[in-house]
Amino acid sequence: MPEPVPQAKPAGEAPAEAPEEAKPQPEEDELPPADGADSDADGDEPASTELTGLFVEKPPDNVVAVAGTDITFIAKVDSSTLTRKPTMKWLKGKWLDLGSKAGKHMQFKETYDRNTKIYTYEMKIIKVVPGDAGGYRCEVTAKDKCDSSTFEISVESAQQEEQADILSAFKRADAGEDEGDLDFSALLKATKRKKKPEKEVPEIDVWELLKNAHPSEYEKIAFEYGITDLRGMLKRLKKMKEPPKHSEAFLKRLESCYSVEKGKKIVLSCEVVDPNVQVKWLKNGQEIKPSAKYVMESNGNIRTLTINKTTLADDAAYECVVGEDKCFTEVFVKEPPVTITKLMDDYHVVVGERVEFEIEVSEEGAHVMWFFEDQELHKEKDSTKYRFKKDGKKHTLIIQEATLDDIGMYHAWTNGGHTKGELEVEEKELEVLQDIADLTVRATDQAMFKCEVSDDKVTGKWYKDGVEVLPSDRIKMTHIGRFHRLTIDDVKPEDAGDYTFVPDGYALSLSAKLNFLEIKIDYVPRQDPPKIHLDTTGNMVSQNTIIVVAGNKLRLDVEITGEPAPTVVWSKGDKPITDTEGRVRVESRKDLSCFVIEGAEREDEGNYTICVNNPAGEDKAVLFVKIVDVPDPPENVKCTSVGEDCATIVWEPPKFDGGAPIKGYLMERKKKGSSRWTKLNFDVYESTTYEAKRMIEGVLYEMRVFAVNSIGLSPPSLNSKPFMPIAPTSEPTRLTVHDVTDSTCSLRWLAPERIGAGGLDGYVIEYCKEGDTEWVVANQELCERQGFVVRNLPVGEKINFRVVAVNIAGRSAPATLSQPVTIREIVEHPKIRLPRELRTKYIRRVGEKINLVVPFQGKPRPVATWYKDGQPIDPKMVNVRNSNVDSIVFIRSAEREHSGKYELVLQIENMEDRATIEIRIVDKPGPPLNVKVTDVWGFNAALEWEPPKDNGNCDITGYTIQKADMKTKEWFTVYEHNRRTNCTASDLIMGNEYMFRVYSENLCGLSEEPRHGKNTAVIAKTGLEYKPNPYKEKEVSCMPKFTQPLVDRSVVAGYSTAISCSVRGFPKPKIIWMKNKMIIGEDPKYLMQNNQGVLTLNIRKPSTFDGGKYSCMAVNELGKDEVECKLDVRVAVDPEKK
């Protein structure tokens, strides 16, 4: 771990070797500090950090940073005396938490030294800007302890010419002298600079000149010395004046900064002097227009700006402008922590392959930082090699073509999560799928060498006896896909030799031999015995053994001589091979017998015999064909032990080695749930036990193993059962002795500081006598609690105790007591600790459960005895249970007889202690006595009664009085909670007779039954007489009158229709419907209806004969009225026929 420096420094600079070297030297081109700013011109070194509280090292109090450089602050905390891990916060101002601002500009780091138990916290500011100036605080908390340290950052611009420094602070940014936006950043903070040594040649100080000049001359002086930003000049001039001038426009300015969570709203508020003045709000120097997002309000002297639904774009500087006066603030928008939902996978690729590291985060549009080792990857700077892709919540880092330089660990960071993945890149390996076979050909025949490699893009060259073969009319070289062929037509004796194919770019060569078979012609007829000429230079490892790789083709060309031509017979064992077609076949040519096996299998292994004969004799040869293959996969791959970042894997060799010795093994691992395997070794590993390292604790892994022989790689073994790299916990903390008796010792402790991903299964408690080395386990099963009582210990012996934490990874280091414990009980006086609620009268209702727990202390175990009203408690009525530390009185269902004074007597030999508890069991009271009406006057009645005989064992709190009249006998409440034994019932109804009843009430409620009054109250009537006004009947009779006449209608034949009108008249008139002056009778074709004077005549499916004049007549005794209409019925015409 790098040695931390005692003070903040720009990134990349070496720490000071001595205080004298750290002493800043004045420079000639520095500006004088503003008035009131601290100066270090005396050259004294900064005061060293005082080691107080929790901090071992603090950041320096004052730091001057140069804009554009990096700066780092370091704080150290000693955790040796802390019970849990400390928490560190970096704050700006009073309360702004900088943890939410972590990103490209601010980075935070935490490290821990296990040896010294010191936590080191770092805050790094990348490329300091003027806005970073201000007061900061680092605050550390650990349970009930807290410590903090404050420091100040001042930002100064890069060193320039003196005159340029004065003027450049007011120049326009990124443009010419009169172009671009004005940059006020150099004026926001007063920088702390060292005084410049006075020069012999006097120079004009522009600021002194401005301070002593009249305000009307400011513009003239600014023009003379090239100052274009008059507002900025006036602001700095105002800050330089010693007496601070009170703001004329603002009574209360904006706060120095505000913080708000993304998506929430924030209100910026200030108070102005003039309640009628208009204000302007600016954001980063640009005026804000009112909208739904920005709401500006004015309420008296208060001016507010409300920003709704804040986004990261609202993280800016804001100003409130009143005339020439301004107040500034800064809004920090805190983005919610973004977690990583899908972790990064490891990759193992070859050179040139494409790599995609993909993660998923919890929020769309979240900012993700990619790192390669400790170096951040930028989209602008690294776009040629890396591509950064965003798709909703998915973020992908793409490496188009991996190289060996890309090997390492890649990290993805969000403000709420981190994941990493390892990239391993290896050189491409060219795999030979089919080797070149030796050929034996005769003159004028064709010879073709063929091989197959794994990469179809690989080119190569052919060589004969080390000399490159060039194409000609007879010799042709072809390359189709993965196949490379060399074809030689019309073979000649000079074509015999060793042929080699060398792929371009690979240290690999494939060789085969071309044998030329000469044809001898005897012109003298003769008989020669047959002869088998075996070629021992091909696949034969000896004169009678041929090795063939499983799956390859075996072609054995055997030259046969003899006159006349001999007969050839191939056989395997005793079984002759006669097939001329198929996988295993025999091909015969003149003077040549070919034995072919297509796709050799393990069953083809064995002894093969070739027998030739003719009249002149016989010849026989025996060949052993050995089939070799890749081995079977290893078996029983399992994890036998794990560590914090490692695991030990064992397996068994394959049952079948493929016919060739096992050279070693290759191992791969992957995370559970992932489909991407990572190679663990590139060179074959000979042992069957392997320790895998560089794993992440708490992540499930799976392993598989390949066996390797001279033929190739076996299929992978079955995946091992998932295992997790975990480590034992640290030792338990704060082991103490809680209690000791003559045969027991009670221990207590706290959980380990570091538990890890393996969790905590429990604890093992061990003890041994002082001077012995053999530890005895006190608990047969793991203790899950943080306390245990060790029993059956010898009295008076000195015993050492220790506690070990156990999890799936094994036992932790033990926590031991500093000195042995003497097993001897200490006599302690008995003392009853009566709970507060039992020190007063204990009241419960009948039927409730009573469970009184009275704790006490005393050694040895006291004898507890209960008494009720001076007599021992009857165990049939009250249950009592005593333990070492308390006594419990339990009553399942309380009754009135359980009331009384209960006394607990605690005795140890001749010492005792007593405590008294008064228990009262209460019940509902009985009804009152002698309820009677004592007086009646007007609408009132007076009642009296006596208290009940049974008050329920507690005071009567009141009475409920109800009344009922004798007619309805319905009860209504007159009074509730009436405390006196009398009352007056008012607002009674005259002429009614009332009866009364009364309930008594106590703590448990109303009595079960009321007490009815012995007499009733009669409210007598007075002499009142009702004289109603005479009723005058109104004349409503009238003759019929139609208020709505009938209307002429034209309808289509076959469709039902209706005609209607309305009439009024009293008495109710008689209605008569007529057609063509003829009364319509009870014809079912017509339906007549009268609804409240609305008359309707329904005509069902009229025909042309139903047309005519319809009339309606209303008649009563006062007269009649009539209306009529014309109904025209037309025949429907088909449009198509029309």
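The conversation below goes from the whole chain to single residues.

Mentor: This is a predicted model, in which local features need pLDDT of at least 70, side-chain atom pairs count only at pLDDT 80 or more, and totals for chains, interfaces and linings use all residues. Residues are numbered from 1 along each chain as its sequence is written, and side-chain values use heavy atoms, with hydrogens and water left out.

Trainee: How many helices and strands are there in the protein chain?

Mentor: Both are DSSP runs numbered from the N terminus: helices are H or I with at least four residues, strands are E with at least two. Counted in this way, the protein chain holds 5 helices and 89 strands.

Trainee: What percentage of the residues of the protein chain count as buried?

Mentor: Buried means under 20% relative accessible area, exposed means over 50%, and partly exposed lies in between, with a 1.4 Å probe and protein chains only. The chain has 1138 residues, and the share that counts as buried is 38%.

Trainee: Which residues touch the most other members in the largest nonpolar core?

Mentor: A nonpolar core is a set of buried Ala, Val, Leu, Ile, Met, Phe, Trp, Tyr and Cys residues joined through side-chain atoms within 4.5 Å. In soluble globular proteins, nonpolar side chains tend to be buried together. Here the largest core has 26 residues, and those that touch the most other members are F73, M88, W90, M123 and I125.

Trainee: Is K932 buried, partly exposed or exposed, and why?

Mentor: K932 lies in strand β72 (residues 929-937). Contact means heavy atoms within 4.5 Å; leaving aside neighbours within four places in sequence, K932 is in contact with A942, L943, E944, K1014 and N1015. Because its relative accessibility is 40%, K932 counts as partly exposed.

Trainee: How many Å apart in space are K932 and N982?

Mentor: In sequence, K932 and N982 are 50 residues apart. From C-alpha to C-alpha, the distance between K932 and N982 is 9.7 Å.
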